[in-house]
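Please keep the sequence and the model at hand while reading.

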Amino acid sequence: MSSFHKMIAEKVIGGVSVKKHCFLLTRNVQASQRAIALIAEMIHTASLVHDDVIDDASSRRGKHTVNKIWGEKKAVLAGDLILSAASIALARIGNTTVVSILTQVIEDLVRGEFLQLGSKENENERFAHYLEKTFKKTASLIANSCKAVSVLGCPDPVVHEIAYQYGKNVGLAFQLIDDVLDFTSCSDRMGKPTSADLKLGLATGPVLFACQQFPEMNAMIMRRFSSPGDVDRARQYVLQSDGVQQTTYLAQRYCREAVREISKLRPSPERDALIQLSEIVLTRDK
């Protein structure tokens, strides 16, 4: 995922400039837009460093985590340093609207982490809780980065909303597929241990869908898979159910919505690239 946000933002740079009444951008504006891609990547990287501390993770993308090498204190400070560098770069753009948009991302990341630490006893509320957490921890960064790029490139609020909705739907789909791969991919491909979410006590989309077929999973969800054998049993229930397929179908729905939104822009190579990117989200295997 390291270049994913940057790739989206750079494609949106061209995509937003082809909407009616939005003209070609100057080099200066393009430079500020490209800076959004870098800032988004720094925010994302800082969040991963902090996540690994919270999760006590020892590997990330096949390599030792910062906290594994240098310990928790230095890892927290490293994440803070990256975030401060992103803040400085954001301030240098000099656009208060863009600053407001991207600082919302940081708030959402923290709120999303709090949501992940909690859970809902009511089965009907669990999926909404899961999707809200998914938006705040993943999709908000992509959605608001796309919106920020569009604000710098076009004064039309209609285009800003198109960019936001595209990023939101692609971001949700990306995380849903990530949750699927936690059950279907191997550790070597993922660069991190599989079934990691279950081991952290997290009920993701495949688990919540599987729970509809295997109600006995409710008790495991509530105790966050903490009893001996819970993780292995939950994994087997998911693989025996249609949880993986249902989560994939939901990701496909979000990608279709992303394509519908971005298709409101006039045809261009950039728009086609954003459509293709939504397809890549669905077919990736790591």
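## Glutamine 212

Glutamine 212 has a relative accessible area of 61% and is therefore exposed; the classes are buried for under 20% relative accessible area, exposed for over 50%, and partly exposed in between, with a 1.4 Å probe and protein chains only. Glutamine 212 belongs to helix 10, residues 205–213. Helices (H or I, at least four residues) and strands (E, at least two) are DSSP runs, numbered from the N terminus. Between the C-alpha atoms of glutamine 212 and serine 241 there are 9.0 Å, while 29 residues separate the two along the chain.

## Basis of the model

The model is predicted: local features need pLDDT of at least 70, side-chain atom pairs count only at pLDDT 80 or more, and totals for chains, interfaces and linings use all residues. Residues are numbered from 1 along each chain as its sequence is written, and side-chain values use heavy atoms, with hydrogens and water left out.

## Salt bridges

Side chains of opposite charge can pair when their charged atoms come close. A salt bridge is defined as a side-chain nitrogen of Lys or Arg within 4 Å of a carboxyl oxygen of Asp or Glu. The structure contains eleven salt bridges.

One of them joins arginine 60 to aspartate 52, with 2.7 Å from N to O. Arginine 60 is partly exposed at 23% relative accessibility, whereas aspartate 52 is buried at 6%. Elsewhere, Glu257, Arg260, Glu261 and Lys264 form a network of salt bridges. Glutamate 261 is buried, with 6% relative accessibility; arginine 260 is partly exposed at 45%, and lysine 264 is partly exposed at 42%.

## The second largest pocket

Rolling a probe the size of a water molecule over the atoms shows where empty space is left. On a 1 Å grid over the protein atoms alone, a pocket is an open set of points where a 1.4 Å probe fits, with protein on both sides within 12 Å along at least five of seven lines; lining residues have an atom within 4 Å of a point. The second largest pocket holds about 190 Å³ of space, a volume being the space filled by probe spheres set on the grid points, which are joined across faces, edges and corners.

Among the residues that line this pocket are Thr45, Asp52, Arg60, His64 and Val66. Helix 2 (27–55) and strand 2 (63–64) are the elements that give two or more residues to the lining, and the largest share, four residues, comes from helix 2.

Asparagine 144 lies in helix 6, residues 123–153, and is buried with a relative accessible area of 7%. Beyond its neighbours within four places in sequence, asparagine 144 is in contact (heavy atoms within 4.5 Å) with Ile101, Leu102, Val105, Asp108 and Tyr164.

The buried residues of helix 14 include Arg271, Leu274, Ser278 and Val281.
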